[in-house]
Amino acid sequence: MTPADFATAAPVPVADLPVEGQPVSAQQEQVQRQRRRHPSLWNYPATYTLIGINVAVFAIMVWYGHLWQHLNGANPIFAEFDGQTLVNFGASDAALVLRGQWWRLITATFVHVTLLHIGLNMWCLWNLGVFGEPLLGRRGLICVYLLTGIAGNMFSLAWAVLSGTDSLVAGASGAVFGIAGILIVLLSNRGLSLPWEELKALRRQVIFFAAINLAIGIGPQVLGVFSSSTLGHIANSAHIGGFVCGLALGLPLFPRMMSGRASYRRRQTQTFVVTALVLSLFGYAISALAK
């Protein structure tokens, strides 16, 4: 699955997506075709904003965290920041979160461990953002990124509490899996302007993407093929948590995709508010369990 696959097949914003059988003006069709063939920063501002924040945070970490001091003769793309640097820049440390620093569940989604770590995550975010932003809108994509990223970090926190271990989690992968999860649901809508066979093919690509990336996280640790320093500290619980949250977010949005902009936006707001409340209750339960 290449960036070109996503770029050429990206649908137009959901408010402009016609129901099957509804006429589309020649001008609208031309605009849609141009957006699919020539994706730009202006067409996907939320995607590029999220990528820009992640890259900016990593650049600041490189400058102030002195990443070059941790090379030890290794390939620079595998060089890791030390744990203290990650904590200083907002990684989710279970002990600190349980002491009241819950904001780390958000900041951790913009902190990365290695150059390879951020490179892979940003490539995935760009690919999925080209799909997700037209279907969710700018605000919707950012909300899904944050909510599913928080959910992934909370799953890791819950696992740390249940297993009695400390954990240090960083990265956008939970949010990336969350965007993949919601896309699997939304791309199941037959009312979208793309032919059903093409929609099924796009959905299969997203499912394949999620499965492969989950296998990359689980397989090496099970088989003992790579060390943690090669792939970074992969938090599979964060991947699963973000993915499940993304699927859950998509379910209430699915029936309103073709009901018009106002109705769809209201359902988005309701869904995001309820999800935030559920995550807050989940966090309270984790805190109570840890005592």
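Helices (H or I, at least four residues) and strands (E, at least two) are DSSP runs, numbered from the N terminus. With that in hand, let's walk through this model, which is predicted: local features need pLDDT of at least 70, side-chain atom pairs count only at pLDDT 80 or more, and totals for chains, interfaces and linings use all residues. Residues are numbered from 1 along each chain as its sequence is written, and side-chain values use heavy atoms, leaving out hydrogens and water.

Start with the overall layout. The chain has twelve helices and two strands, and their order along the sequence is α-α-α-α-β-α-α-α-β-α-α-α-α-α. Take contact to mean heavy atoms within 4.5 Å; of the contacts between residues at least 6 apart in sequence, 76% join residues at least 24 apart.

Now for the surface. Accessible areas come from the Shrake-Rupley method with a 1.4 Å probe, and for residues only the protein chains shown count as cover. The chain exposes about 13800 Å², with carbon and sulfur atoms supplying 64% of it. A residue is buried under 20% relative accessible area, exposed over 50%, and partly exposed in between. Of the 291 residues, 46% are buried.

You will find threonine 271 in helix α12, which covers residues 261–290. Its relative accessible area is 7%, so threonine 271 counts as buried. Leaving aside residues up to four places away in sequence, threonine 271 touches Leu249, Pro252 and Leu253.

Finally, a look at cysteines. Cysteine 245 has a relative accessible area of 11% and is therefore buried, whereas cysteine 143, at 24%, is partly exposed. The structure holds zero disulfides (pairs of cysteine sulfur atoms within 2.5 Å).

Methods:
Buried means under 20% relative accessible area, exposed over 50%, partly exposed in between (1.4 Å probe, protein chains only).
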